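Thanks for making the time this morning.

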Amino acid sequence: RENGKRRIVVQANVRGRDLGSFVSEAQQRIAEQVKIPAGQWLDWGGQFENLLAARKRLTIVVPVCLFLIFLLLFGAFNSVKYALLVFTGVPLGLTGGILALWLRGMPFSISAAVGFIALAGVAVLNGLVMVTMINQWREEGNSAYDAVFHGSLRRLRPVLMTALVASLGFVPMALSTGTGAEVQRPLATVVIGGLISSTALTLLVLPALYSIIGGKDDARNPRGVS
């Protein structure tokens with residue numbers, strides 16, 4: 001009994017799939033096939049209850065983390081436009097992570113959300129390295145096009161090595177099948193997929209966007225960086 005009421009506890013261990021999708025399917029089948037008598041009800045607790053609480057916390061933690069990342073970028077460049085330019089690596093990184101989850105048939109989970117937070121930091125780091133080098137070339141009096149060309153070449157190897165090392169480090173987690181694999185695989189899958197797409201942005205899209213922004217600055221100030 002609990003609070004003077006009778007209680008029947010049904011327990012189950014979930015293996016081979018994530019907890020959220022299992023409970024969703026169980027709730028759907030019970031709603032379709034089980035008629036609950038009047039005065040009785042079902043409560044879903046245990047790890048699923050903890051999962052719901054973690055999701056609520058993530059709705060606050062994720063936006064706060066992204067906002068802090070933007071503030072750090074603004075502090076590094078002292079410019080909103082360059083901070084936004086580097087921050088564009090986050091959406092494309094998230095796109096790659098979502099695509100990787102879809103390709104592997106994995107649902108969104110708490111561990112995947114943690115992977116997205118880690119991915120945002122790595123994606124921004126590569127863009128920060130690239131834009132900083134390009135700005136250094138512009139400060140030496142080079143045009144936006146020349147600065148983008150030489151800066152991108154100088155930072156090609158560091159960006160590729162950073163993405164490669166991070167991706168290879170998560171491969172064992174992405175392929176794990178032992179204890180804790182249901183937590184490790186979504187996190188690693190998100191990071192690997194996001195690193196691939198964010199690296200493509202850093203090497204291809206980011207220099208193109210900088211050329212557009214820098215070209216406008218050169219038109220207003222032919223002598224150098226605004």
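Let me start with glutamate 25 and arginine 29, whose side chains meet in a salt bridge, with 2.9 Å from N to O. Please keep in mind throughout that this is a predicted model, and that the distance I have just quoted is computed from its atoms. As a general point, side chains of opposite charge can pair when their charged atoms come close. Here both partners, glutamate 25 and arginine 29, belong to helix α1, which covers residues 19-33, and they sit 4 residues apart, about one turn of the helix.

How exposed are the two partners? Glutamate 25 has a relative accessible area of 28%, so it is partly exposed, and arginine 29, with a relative accessibility of 48%, counts as partly exposed as well. The structure holds 1 salt bridge, and you have now seen it. For the charges of the protein overall, there are 21 positive and 12 negative ones, and the mean positions of these two sets are 5 Å apart.

Valine 34 is partly exposed, at 45% relative accessible area. Between the C-alpha atoms of valine 34 and glycine 93, which are 59 residues apart along the chain, the separation is 43 Å.

Glycine 46 lies in that loop between α1 and α2 too, and at 47% relative accessibility it counts as partly exposed. From glycine 46 to alanine 76 there are 30 residues in sequence and, C-alpha to C-alpha, 44 Å in space.

The next stop is asparagine 78, in the loop between α2 and α3, the latter being residues 80-87. What is its phi? Asparagine 78 has a positive phi of about 55°, although it is not a glycine. With 63% relative accessibility, over the 50% cut-off, asparagine 78 counts as exposed.

Is threonine 189 buried or exposed? At 4% relative accessibility, it counts as buried. If we leave aside residues up to four places away in sequence, threonine 189 touches Ala100, Leu101, Arg104, Met106 and Ala174.

Let me now step back to the whole chain. The protein has 8 helices and 0 strands, so that the order along the sequence reads α-α-α-α-α-α-α-α. Its radius of gyration is 24 Å, well over the 17 Å that the globule rule gives for 226 residues, and therefore the protein is more spread out than a compact globule. The C-alpha trace spans about 80 × 35 × 25 Å along its principal axes.

As for burial, 35% of the 226 residues are buried, and the accessible surface comes to about 14,200 Å², with 63% of it belonging to carbon and sulfur atoms. Finally, if we take the contacts between residues at least 6 apart in sequence, 70% of them join residues at least 24 apart.

Methods. Residues are numbered from 1 along each chain as its sequence is written. Side-chain values use heavy atoms; hydrogens and water are left out. Helices (H or I, at least four residues) and strands (E, at least two) are DSSP runs, numbered from the N terminus. The radius of gyration is taken over C-alpha atoms; the globule rule is 2.2 Å times the number of residues to the power 0.38. Buried means under 20% relative accessible area, exposed over 50%, partly exposed in between (1.4 Å probe, protein chains only). Contact means heavy atoms within 4.5 Å. Accessible areas come from the Shrake-Rupley method with a 1.4 Å probe; for residues, only the protein chains shown count as cover. Lys and Arg count as positive and Asp and Glu as negative; His and the chain ends are not counted. The place of a charge is taken as NZ of Lys, CZ of Arg, CG of Asp or CD of Glu. A salt bridge is a side-chain nitrogen of Lys or Arg within 4 Å of a carboxyl oxygen of Asp or Glu.
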